[in-house]
Amino acid sequence: MNVPISNIRNFCIIAHIDHGKSTLADRILELTGAVTAREFRNQFLDDNEIERERGITIKAKAISLDYTYNNQKYLLNLIDTPGHVDFGYEVLRSLKACEGALLLVDATQGVQAQTVANTLLAIESNLQLIPLINKIDAPLAHSEEVKEEMKNVLSIKPEEITLVSAKTGENVALVLERVIKEVLPPRGSAANPTQALIFDSVYDAYRGVVVYVRVVNGILKQGDEIIMLNAKHEFKVEEVGIFKPKMVACKELKAGEVGYVISGIKNIRDVKIGDTIGLKKEEGVQALPGYKDPISMVFCGIYPSTQSTYKQLQTAMERLSLNDSSFQYEVETSEALGYGFRCGFLGLLHMEIIQERLNREEGVEVIQTAPNVTYEILVREAGGIITLRIDNPAKFPDESVLVEIREPVVRMSIIIPSDTIGTMMHLCEIRRGRLIRTEYISSTRVILTYDIPLAEIIYDFYDKLKSATRGYGTMDYSFMGYEVADLVKLKILVAGVEVDALSVIIHRDGAEAKGRRILQILRKEIPRHLFEVALQAGIGKKIVARENIKPYLKNVTGKCYGGDITRKRKLWEKQKEGKKKMKSIGRVEIPQKAFLSVLSTKED
């Protein structure tokens with residue numbers, strides 16, 4: 001449908017996880033006739049199996065909708081965004097492609113941590129907010145209280161809020177009416193030199209890289225010779241099109257429209273999210289403001305369960321990185337686990353999803369080391385003091401050259417029931433958090449703001465939060481910077497040999513207890529040998545914990561009946577020498593089950 005730029009509306013849906021974004025998108029698709037009743041399914045835009053199973057959105061999805069209002073034809077470009085804290089970068093990219101945002105709040109849960117974070121992102125991006133309260137048909141809905149929370153926390157006037165039910169479709173038509181009336185049409189003109197912002201890309205095995213763009217100025221059409229203005233890569237456009245919701249080719253993409261470009265790009269690394277597409281023939285065109293690169297916050301090692309499947313894992317890693325630009329990996333080796341990869345993720349959920357996709361989509365069984373964060377370490381060298389970035393405990397420098405260790409700290413907002421405030425404050429304090437402020441958003445709910453080391457929350461903090469608040473607590477965090485901390489490398493030695501895959505960087509106060517827990521697990525999981533196996537946890541040259549695995553016992557004097565004691569002593573000495581020799585040349589094999597037991601153990 002060919003419509004003027006004044007009748008185009010670009011908007012997205014933002015909300016906390018599970019507040020009904022994808023369900024509202026379903027109702028909008030039905031209302032605008034974008035999908036037929038035969039084609040329709042719930043969570044229509046969530047096409048990934050893991051997204052549908054978990055009921056969450058991982059990748060932002062774009063769709064172009066034809067809609068007629070007051071006898072005028074409109075083009076509505078809708079982007080459905082994720083709600084989980086790990087995928088905040090997806091939300092930010094979506095906001096940059098829009099002029100408006102539907103802010104969705106659950107009538108049964110009220111304002112949550114990601115609601116606040118996403119609202120601030122939308123305001124910073126100068127978007128027109130349309131506040132909605134969803135699930136008003138639910139038995140536990142308390143819309144008036146939620147309106148009061150939105151007024152107190154988000155400074156939204158109650159009269160600006162529309163009550164909807166994404167499940168039944170109540171007032172969804174009113175939402176689209178508000179989008180048309182309140183969201184500004186795109187700025188820009190088809191007559192200006194071409195500028196198209198790249199806000200996402202995916203890899204297609206048959207057609208190469210499919211680039212998702214928002215055309216800000218000018219026109220893009222088949223046959224155009226284009227240039228990535230920052231990367232300086234040049235390509236020829238093979239096809240342009242829009243999402244309806246499947247990819248549909250069209251003659252051209254004009255200013256204000258959202259669609260895709262296919263240019264036969266073979267390597268996804270040639271496409272940088274946030275870059276600007278321009279026409280090669282138009283010189284002097286300025287690149288649009290892009291995005292900050294996503295920063296990997298959590299790192300871990302991923303190894304094949306058997307070294308014979310290493311090549312298969314390598315191929316799987318390459319495929320995954322093609323469709324997820326925020327997933328980073330590099331080759332590493334471990335004495336205990338062999339060849340594998342050091343991987344960087346946006347958060348723990350991102351890490352879980354990558355591991356699940358490796359198992360499901362690629363059929364690769366993997367062993368994953370304990371997650372850790374990046375540390376800044378100052379070391380003394382001949383030329384002076386230098387700063388290192390360490391994302392792997394195995395690279396931790398010797399204590400003799402250490403000057404200072406800094407760890408990443410995040411500003412965390414926790415929204416909890418007010419009757420659980422004591423439990424949560426205790427949990428944050430034992431995780432080395434510093435209370436910044438406490439704000440009551442209603443008589444029953446409170447926001448706690450803490451500065452807390454990222455390493456203390458990436459592992460099991462979310463589980464503890466849900467347990468302490470009976471499932472009602474939510475959290476959001478943003479990176480603040482690096483702070484000096486008393487950290488050490490905790491080494492695990494089996495029979496005197498360091499097992500690098502089990503080493504961790506930890507605060508000195510908790511190192512001994514952590515080492516003891518690991519050794520107790522290993523003692524149960526490593527099989528007994530014919531000689532005693534010593535398990536040790538050490539910091540530098542100091543051993544802080546030890547466990548022993550007793551050897552199998554063989555009674556070599558069992559056949560001796562009476563006689564001189566010297567005969568038995570000779571046999572005992574011979575056995576002792578044999579065990580000593582066996583211990584010096586024998587190698588202790590650590591089964592995979594032992595690694596998995598240690599790595600899957602949550603903190604007490």
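1. In which strand is Asp106 found? Asp106 belongs to strand S4, residues 100-106, where helices (H or I, at least four residues) and strands (E, at least two) are DSSP runs numbered from the N terminus. Asp106 is buried, with a relative accessible area of 0%; buried means under 20% relative accessible area, exposed over 50%, and partly exposed in between, with a 1.4 Å probe and protein chains only. Its side chain makes a polar contact of 2.7 Å with the side chain of Thr108, a polar contact being a pair of N or O atoms within 3.5 Å, of which, within protein, one must be able to donate a hydrogen and the other to accept it, while residues adjacent in sequence count only if both atoms are side-chain atoms. Leaving aside neighbours within four places in sequence, Asp106 is in contact (heavy atoms within 4.5 Å) with Asp18, His19, Asn134, Lys135 and Val146.

2. The model is predicted, so that local features need pLDDT of at least 70 and side-chain atom pairs count only at pLDDT 80 or more, whereas totals for chains, interfaces and linings use all residues. Residues are numbered from 1 along each chain as its sequence is written, and side-chain values use heavy atoms, with hydrogens and water left out. The average pLDDT, the predictor's confidence in each residue from 0 to 100, is 80 for the protein, and 85% of the residues score at least 70. Over residues 50-58 pLDDT stays under 50, and for this stretch the model has 39 contacts beyond four places in sequence.

3. The largest nonpolar core has 49 residues, of which Ile302, Leu358, Met412, Ile414, Met424, Ile457 and Phe461 touch the most other members; such a core is a set of buried Ala, Val, Leu, Ile, Met, Phe, Trp, Tyr and Cys residues joined through side-chain atoms within 4.5 Å. The most is given to this core by strand S23 (residues 402-417), with 6 residues. Apart from it lies another core, of 31 residues, which includes Ile79, Leu95, Leu103 and Val258.

4. In helix H10 (residues 461-468), the buried residues are Phe461, Leu465 and Ala468. Seen down the axis of H10, these fall within an arc of 70 degrees, so they line one face of the helix, the arc being that of the directions from the helix axis to the C-beta atoms. Their cover includes S23, helix H9 (421-430), strand S25 (445-453) and strand S26 (474-484). After H10 comes Arg470, whose phi is positive, near 55 degrees.

5. For helix H11 (residues 508-525), the 18 residues should span 26 Å, which agrees with the 26 Å between its end C-alpha atoms; the expected span is 1.5 Å times one less than the number of residues. Buried in H11 are Ala511, Lys514, Gly515, Ile518, Leu519, Ile521 and Leu522, and they cover an arc of only 160 degrees around the axis, which puts them on the same side of H11. On the other side, Asp509 and Lys524 are exposed.

6. Asn7, in the segment before strand S1 (8-15), counts as buried at 10% relative accessibility, and its side chain is joined to that of Gln72 by a polar contact of 3.2 Å.
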